[in-house]
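Dear colleague,

I am handing over the structure below for your attention. My notes on what was found in it follow directly after.

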Amino acid sequence: MQYRSYFWKKVPFLKLLLAFAGGILVQWYAPVKPQTSWVILAAGLVALAGLLFTTFFHRYRFAFINGIINSFLFFSLGTLLVRQKDTRNDRSWLGNFYAPGDGLLVTLEEPPVEKTRSVKANAAAEYLIRNGQSFPIKGKIIIYFSKAVTDGPQGLSLSYGSQVVFRKPLQEIKNAGNPGGFDYKRYALFQGITHQVYLQAGEFELLDHKKQNGLKKFLYASKEKLLGILRNNIRRREELGLAEALLIGYKQDLDQSLVQSYTNTGVVHIIAISGLHLGLIYWLMALALRPLQKSKTTRWIRAALIISILWVFSLLAGAQPSILRSALMFTCIVLGESLSKKTSIYNTMAVSAFILLCINPFWLWDVGFQLSYAAVLSIIIFMQPIYNIFYIKNKLLDLIWKLNAVTLAAQILTVPLSIYHFHQFPNLFILTNFIAVPLSGIILLGEIFLCVIAFIPAIATLVGQLLGWLIGLMNDYIQRVESIPFSLWNGLQISLVQALLLLLFLVGASYWLMERSSRGLQTGLLALLGFVTLRSLSFLQMDRQQKLIVYNVPRKTAIDIVSGRDYLFAGDSNLLADEFARNFHLKPSRVLHRVSPVGHIRSFNPYENYWSFGGKHILLLNKPVYFPPLKEKPVIDLLILAKNPAINFQKIVTSLEIKQVVFDGSAPAWKIQYWKKDCDSLGIPCHDVTTKGAFVMKLR
């Protein structure tokens, strides 16, 4: 109890951060009325003011009351901030006024990016145009321009700040709705984006005027300058794509199979420019400026130099959210070191997290935000104990062991989060991190050097060739490790509660190991028991599952018949050959249900497009079929309509008793509208996967 009290006194801001984060979560999942939040805030401020008029003795004696009041204050601040940052609560939000047929004037917020079938850009809505009048509005949308708009000598020049006017109806951003799928709607909303539109030539007008922010214009120009230097000196596309991602986080030229290799081997973090890059620069600057740390006067000069260089690099690297978060985190650490030698690193981390969440409370859901803090905390807590396991006299071997200790330490608290988000664990992460992390650091420094001496073509070309060779060497090593059969433990599935219990177990066990606290051991073991219990129950539940899933895959038929831990696929064979579509639309569901493919499922009786399973009768129609009228109509529990068959519902119901109809993703939208009308007139329930998401039917 005494140590626990001491811990909270040493890290006072952590308790406030937890209350603040609690307010953010509550406001998102169970919204609190703004009046309630303001009442809590006002009451807390009045209570704090009242405590100021009490004696010092009473304030000390009832310090816990002060803590409770502060927690409620930060909780209410969290709820109010989420409401304020949610673009849908803005009175000027375009969703409150927009109707099909209205015109919009929007400004491109970034240089357009070329995609496979279109050119994409995020845009800010400026004005709504109705009946010849314009009204200022707020909101963000995604615009997909047809490639015909920008291709060829007559193509339009779209760039950052370009202003576009159009009347084509906006489409609300929706999820595919497949089980276990990525929540793209929420992801876009957290960035303030709620709608999208696809524009072809003749459907919009490009204005001559551009609306640009000076700082953003400079950043985008600097980014293009850096990209030009890399492209002029690193010739091979695969090496160039990785070099661009390492230096400034530009991922458009990255080879997707190479990204998958880095993901599968546990080193994808070196591609995402973030804390690793700034950590390297911070370490170099701290090492170079160590003499300035001795004096109180020069200590602040050292802090100013380090912070300035960190932020200059962050801005030149594109000022992406991930690197800005890392820059702020390291800024808080540097300031904490300069203010006092006794400053708790945990308190500094809590302050930096609070500032970041004040800027954007939705970063609490960001995987990069979670992993960044988990990795840093894990290194702070575990690196030294792990390093102390072995004592090595040889300095080179000692350095190698230290690097491995850092890698091992970083994994401890990030493992539950990684499994929860990515459903896999790289078994050989030590081998890949041991080579890739220091090598990527050398490459990054080499790229910075290349940009500095780019005005000397001969040296720049030589440095570019060396960098290309080093990147190729790193890529080859990563791909070779990936080819080892047991390099990846794939298909892992844990719930959010299980991930939190696993984290609690690690924290409790760590507290016990470092502080010899029986309470820590008890907490850890209880958490582990809870984790094992929930996981066992989930496996028992999956062993008994029997269901049919009709997926929402654009222009494709995709159906899984699930029995226990097995599944059979029915649908378009070319979908199985498309690795990206298969991984995006189907794999999350199969991981969620913990199923593997089999050639046959017991009690499943298929006959062409008619299936009988679990007492249910399913019929798939993807071509015209003649149904003669019958006196005794067989029951069809589920009718799946795919492609574009010429069918007449009035005739079908004279032959079959249909209980449920599903339209899959391959059916054309115009045909689905006719089918819906027929179903409504006949009183047959229908489900359109393109608008409602995947259809899941329990078969037992």
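How many aromatic pairs does a search of the whole structure find? The search gives 21 aromatic pairs. Please bear in mind that this is a predicted model.

One of these pairs is formed by F74 and F354. Their ring centres are 5.5 Å apart and their planes meet at 55°, so the pair is tilted. F74 belongs to helix α5 (residues 63-85) and F354 to helix α14 (residues 345-359), so that the pair links distant parts of the chain, 280 residues apart. F74 and F354 are both buried.

A tilted pair is also formed by F190 and W365, with 5.1 Å from centre to centre and 45° between the planes. F190 is in the loop between α7 (184-189) and β8 (193-199), while W365 is in the loop between α14 and α15 (367-387); the pair therefore ties together parts that are 175 residues apart in sequence. F190 is buried, at a relative accessible area of 13%, and W365 is buried, with a relative accessible area of 13%. F190 and W365 also belong to a cluster, linked by ring pairs, that includes W28, Y29 and F362.

A ring is involved in a further contact of another kind: the charged end of R594 sits over the ring of F539, at 4.7 Å from the ring centre.

Five strands form an open sheet with mixed pairing, in the order β15-β14-β13-β12-β24. At its edges stand β15 (596-597) and β24 (695-698); each has a single partner strand, so one side of each is left without a neighbour in the sheet. Helix α22 (residues 579-592) packs on this sheet and touches β12, β13 and β14 (566-571). The direction of α22 makes about 160° with that of β14.

Within the sheet, strands β12 (residues 546-550) and β13 (residues 558-563) run antiparallel and are joined by 5 bridges. K547 has V562 in β13 as its bridge partner.

Finally, is D688 buried or exposed? D688, which is found in strand β23 (residues 686-688), has a relative accessible area of 4% and is therefore buried. Apart from neighbours within four places in sequence, D688 is in contact with F663, I672, K676 and G693.

With kind regards

Terms used:
Residues are numbered from 1 along each chain as its sequence is written. This is a predicted model: local features need pLDDT of at least 70, side-chain atom pairs count only at pLDDT 80 or more; totals for chains, interfaces and linings use all residues. Side-chain values use heavy atoms; hydrogens and water are left out. Two strands pair if DSSP finds at least two bridges between them. Helices (H or I, at least four residues) and strands (E, at least two) are DSSP runs, numbered from the N terminus. Contact means heavy atoms within 4.5 Å. Axes are lines fitted to C-alpha atoms, for helices over the stretch in contact, and angles run from 0 to 180 degrees between N-to-C directions. Buried means under 20% relative accessible area, exposed over 50%, partly exposed in between (1.4 Å probe, protein chains only). Rings of Phe, Tyr and Trp (its six-membered ring) pair if their centres lie within 6.5 Å; planes under 30 degrees apart count as stacked, over 60 as edge-to-face and the rest as tilted. A charge sits over a ring if NZ of Lys or CZ of Arg is within 6 Å of the ring centre and within 35 degrees of the ring normal.
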